[in-house]
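Hi,

Here is the structure I promised to pass on. Have a look at it first, and then read my notes below.

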Amino acid sequence: MRRAAIVLCALAGLMAASARAQAATAVPGRLIVGFREGVSSSLQKRLVEGAGGAVRAQLPHVRAAAIRARSHVALGVLERRLRARREVSYVEPDFYLAVSRVPDDPLFANEYSLGAVGPGSVDAQPAWDSRTSCSKIAILDTGVQYNHPDLSANVWHNSHEVKSNGKDDDENGWVDDYYGVNLVNGKGSGVDDDGHGTHVSGIVAGRGDNGTGIAGLCWSSSVMAVKFMDSSGKGSTSDAIDGIDYAIHEGARIVNCSFGSSKKSSALQDEVDYAKSKNVLLVVAAGNDGDNIDAKPVYPASFPEGNVLTVAATTSTGALASFSNFGKSGVDLGAPGDRIFSTYLTSTYKTLSGTSMAAPLVAAAAAMLRAKDSSLGYADIKNALRNHTRADAALAGKTVSGGTLDVSAALAAVH
Ligand code: CA
């Protein structure tokens with residue numbers, strides 16, 4: 001991720017965002033504090049308030065809380081007071097995560113990635129002979145244009161919630177979460193005001209065989225919009241954690257994470273662990289710095305947890321994209337991420353490049369495998385995808401598998 005990046009940033013359009021690289025790396029005035037086992041939520045609150053802070057959100061699955069300093073207390077003072085408490089295991093900034101953007105290609109758009117021939121394709125067409133539908137998949141991103149004509153049929157909605165009545169009708173802890181959830185505003189649907197999440201969603205599940213626009217790898221699916229990044233493609237770690245909680249609570253077992261940061265958050269790592277305990281696979285973009293992340297880790301891509309599947313970006317010729325991060329132990333496989341044509345805001349289409357575009361192809365394949373066999377665990381799916389790639393010399397020694405996504409082979413590998 002080229003952006004300074006404690007923000008979980010969506011990983012497309014990196015270069016366009018470079019002008020913003022000097023932005024703050026953490027949410028001003030905020031911290032995440034982690035507590036030791038057995039510290040109740042009420043005690044957490046008292047400890048924070050006693051130190052001069054206020055709890056913004058509790059993150060119960062990771063025994064942490066997002067907090068802010070009260071107006072008369074300096075953040076550094078609050079941090080020191082909390083660190084001195086034996087009930088506290090860590091205090092960290094509420095890092096930003098952000099998208100990584102790469103320049104558009106306005107000249108030509110195609111779907112080489114899904115084509116039948118060519119070194120850049122993922123061998124989708126033989127897979128489509130047996131299956132075109134996929135399981136539910138959460139898109140942790142900037143939201144989704146839920147009424148895009150090429151997406152709307154595939155967008156998940158919460159049938160227990162009433163739109164825009166200001167209430168948490170289904171008492172799941174989120175207000176007015178009808179078309180997914182908006183964690184930036186703290187209420188409402190996951191409506192995209194950036195475009196990144198809509199593009200990612202079209203790669204997963206642009207409606208197929210409808211005589212319109214494009215086809216995603218999944219012709220039909222249930223795409224859950226979990227908006228935690230704002231209109232500049234930036235969101236906080238604490239909202240990302242809340243977003244993973246949301247996805248799990250609403251039944252997604254595949255989560256696409258086209259964002260990252262060079263900053264390591266203990267709270268986010270604990271949430272990845274929690275997701276693992278719920279059998280959830282996180283498909284993560286490797287980032288767009290052109291770096292070896294074994295030497296320069298980025299997160300969540302570099303977390304060692306077994307339920308993280310990290311994806312590099314390849315081109316139409318099967319080369320490693322120049323912007324793509326790589327790593328012999330930290331990156332699992334490649335997938336097309338250069339000049340990818342997909343859905344965009346205002347019911348249009350756009351060509352974008354980035355590992356943000358590569359991860360959702362793999363996430364879609366994961367959801368296709370899970371639709372074939374809902375008993376598959378995260379490890380089964382990860383192994384099927386990683387152990388049945390198409391060998392690619394450009395990825396040898398630069399990824400665990402040394403290959404690119406092969407949807408047909410992975411699908412055939414599960415029964
Ligand atoms: Ca609700």
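**What I found**

Let's start in a loop: Asp 209 sits between helix H4 (196-205) and strand S8 (220-227). Keep in mind throughout that this is a predicted model. The phi angle of Asp 209 is near 60 degrees, which is a positive value in a residue other than glycine. Is Asp 209 buried or exposed? Its relative accessibility is 70%, so Asp 209 counts as exposed, because anything over 50% gets that label.

Glu 171 is another one to click on. You'll find Glu 171 in the loop between S6 and S7, and its phi is near 50 degrees, again positive in a residue that isn't glycine. With 71% relative accessibility, Glu 171 is exposed too.

Asn 158 has a relative accessibility of 2%, so it counts as buried; the cut-off for that is under 20%. Its side chain reaches the backbone nitrogen of His 160 at 3.0 Å. Setting aside neighbours within four places in sequence, Asn 158 is in contact with Asp 170, Asn 172, Asp 177, Tyr 178 and Tyr 246.

Next, Asn 256, which belongs to strand S10 (residues 254-257). Asn 256 is buried, since its relative accessible area is 0%. What does the side chain of Asn 256 make a polar contact with? The partner is the side chain of Ser 258, at 3.0 Å. Not counting residues up to four places away in sequence, Asn 256 also touches several others, among them Ile 139, Leu 140, Val 200 and Pro 360.

Asn 292 is partly exposed, with a relative accessible area of 30%. A polar atom of the Asn 292 side chain lies 2.9 Å from the backbone nitrogen of Asp 294. Leaving out residues up to four places away in sequence, Asn 292 touches Phe 326 and Gly 327.

A cis peptide bond joins Tyr 299 and Pro 300, with omega at about 10 degrees.

**Two helix pairs**

To describe two packed helices, you give the angle between their axes and the distance between the axes.

Helix H5 (residues 237-249) and helix H6 (residues 266-277) pack at about 10 degrees, with axes 9 Å apart. That makes H5 and H6 roughly parallel, because angles under 35 degrees are classed that way. On the H5 side, the residues that meet H6 include Ile 241, Ile 244 and Ile 248; on the H6 side, they include Leu 268 and Tyr 274. By class, this contact has 7 nonpolar, 1 polar and 2 charged residues.

Now helix H7 (residues 355-372) and helix H8 (residues 378-387): their angle is about 120 degrees and their axes are 10 Å apart. H7 and H8 are therefore oblique to each other, and their crossing is right-handed. H7 contributes Val 362, Ala 365, Ala 366, Leu 369 and Arg 370 to the contact, and H8 contributes Ile 381, Ala 384 and Leu 385. By class, the contact of H7 with H8 has 7 nonpolar, no polar and 1 charged residues.

Terms used
Residues numbered from 1 in each chain as written. Predicted model: local features only at pLDDT ≥ 70, side-chain atom pairs only at ≥ 80, totals over all residues. Heavy atoms only, no water. Helix = DSSP H or I, 4+ residues; strand = E, 2+ residues; numbered from the N terminus. Buried < 20%, exposed > 50% of the residue type's maximum accessible area, 1.4 Å probe, protein only. Polar contact = N/O pair within 3.5 Å; in protein donor to acceptor, adjacent residues only side chain to side chain. Contact = heavy atoms within 4.5 Å. Axes fitted to C-alpha atoms, helices over the stretch in contact; angles between N-to-C directions. Parallel < 35°, antiparallel > 145°, perpendicular 65-115°, else oblique. Left-handed = near helix turned anticlockwise from the far one by under 90°. Nonpolar A, V, L, I, M, F, W, Y, C, P; charged D, E, K, R; others polar.
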